[in-house]
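Open the model in your viewer and keep the selection tool ready. This tour goes from one site to the next.

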Amino acid sequence: RLLSVLRRRCDIAGKRLSRPGLAAEGRVLRAVLYVYHSKLLRHRPYLALQQVEQCLKRLWKMNLVGCLETLVELIPKKTASKAHTECLVPSQPILETVALKVLGACKLILRLLDCCCKAFLLSVKHLCSKEFILLNTVASGLLSRLWFVIQYRCVLETLTSLYSALSTVLHLVSETQQIPYIKGFTFPSDIGDFLGANISSEAKKQKAKMRTTKKSASWMKKLFPAMPEAVSKVEKKRKSETCTSAVKNHSIPCTVDIGETVV
C-alpha cells in the first residue's frame, strides 16, 4: 500500500515539474536577460531577474524528474505485489538520494518564490518611476506568471507530500536492511521543520505583498494620459481621411513589396 502511494505521488510530482509552462517561462526569462545583458548590468530589477534565473537553472540541473522516473521503474506494480507474498523494493541508497533531491528542490522553490516576489516589487517600483519602461513591463508580467505557475500548480505542496511518503518507505527499508548511503545527515521526519516555514502562510504573505503595490492603472495613466473623448474622435477621423487620400493618390502595384523582412 505504501509503495503504491509512493508511485502515485512520484507520477504527480514528475508531471507537475515537467509541465511546459514552467520551462517556457524559463526560456523567456533567459531571452530577456540575454537582450538586456550589455545595457543594464547595474540595474536592480535586472540583477533580481538574474537571481530568479539562477534558481531555475539549479532546479533543472538537479534532474529531479529523471530521478523520480527511475524510482517509479523500481517500484513493483500492483499485479506483481498481489501475485507474490514478497516483492522487491527500492534500496536505501536510491531512496536516500531521491529524498535528498526532494528536500533540495523544496528549498530552491522557496528561494525562487522569494526572488520572484522581490524582483516583481522592484520592477513595479522602477516602472512607477518611469525607468526602463519596456523591460520592467515585460519583467513584471513574466515574474507574475512564473510565480502563478508554481503556486497554482501546487508544485511545492506536491513535493512535500512526496517527501512524507518517501520518508515512511525509507524508514521501513532501513529497518529491514540498513545500507546507509548518505552519511552525516539526518533526514527530517517533518519537512516543515526543515524548510523553516509554513508553505501556505508564506504563499499568502507573498500574494499580499504583490497586491499591496501600486495598481497598474495608476502608472499606466501617468505614462499614457487619456485624451478627451471629443479630441480622440477627431484624431481618429483625421487619420482615417489621410490614409484614404494617400491610397487614392498613390496607386501601388501588387507586385511591389512595400515591407521589409523582420528577422
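**Stop one: the second largest pocket**

Select Glu96, Leu170, His171, Ser174 and Phe187: of the 14 residues lining the second largest pocket, these lie nearest its centre. A pocket here is an open set of points on a 1 Å grid over the protein atoms alone, with protein on both sides within 12 Å along at least five of seven lines; lining residues have an atom within 4 Å of a point. The volume of the second largest pocket is about 240 Å³, counted as the space filled by probe spheres set on the points, with grid points joined across faces, edges and corners.

This is a predicted model: local features need pLDDT of at least 70, side-chain atom pairs count only at pLDDT 80 or more, and totals for chains, interfaces and linings use all residues. Residues are numbered from 1 along each chain as its sequence is written, and side-chain values use heavy atoms, without hydrogens and water.

Now show helix H6 (92–128) and H8; each gives the lining of the second largest pocket at least two residues. H8 has the largest share, five residues. Helices are DSSP runs (H or I, at least four residues), numbered from the N terminus. Colour this lining by class: seven nonpolar, six polar and one charged. Ala, Val, Leu, Ile, Met, Phe, Trp, Tyr, Cys and Pro count as nonpolar, Asp, Glu, Lys and Arg as charged, and the others, Gly among them, as polar.

**Stop two: the largest pocket**

Select Val89, Val169, Leu172, Val173 and Thr176, the closest to the centre among the 13 residues lining the largest pocket. The space here is about 310 Å³. Helix H1 (2–17) and helix H8 (155–176) each supply at least two lining residues. H8 again gives the largest share, with four. The lining has eight nonpolar, four polar and one charged residues.

**Stop three: aromatic rings**

Select Phe185 and Phe187. Their ring centres are 5.2 Å apart and their planes at 85°, so the pair is edge-to-face. Rings of Phe, Tyr and Trp (its six-membered ring) pair if their centres lie within 6.5 Å; planes under 30 degrees apart are stacked, over 60 edge-to-face and the rest tilted. The whole structure has one aromatic pair.

**Stop four: the cavity**

Select Leu22, Leu59, Ile109, Leu112, Ile150 and Val155, which line the largest cavity. In a cavity, a 1.4 Å probe fits but cannot get out. The space is about 30 Å³. The lining is six nonpolar, no polar and no charged residues.
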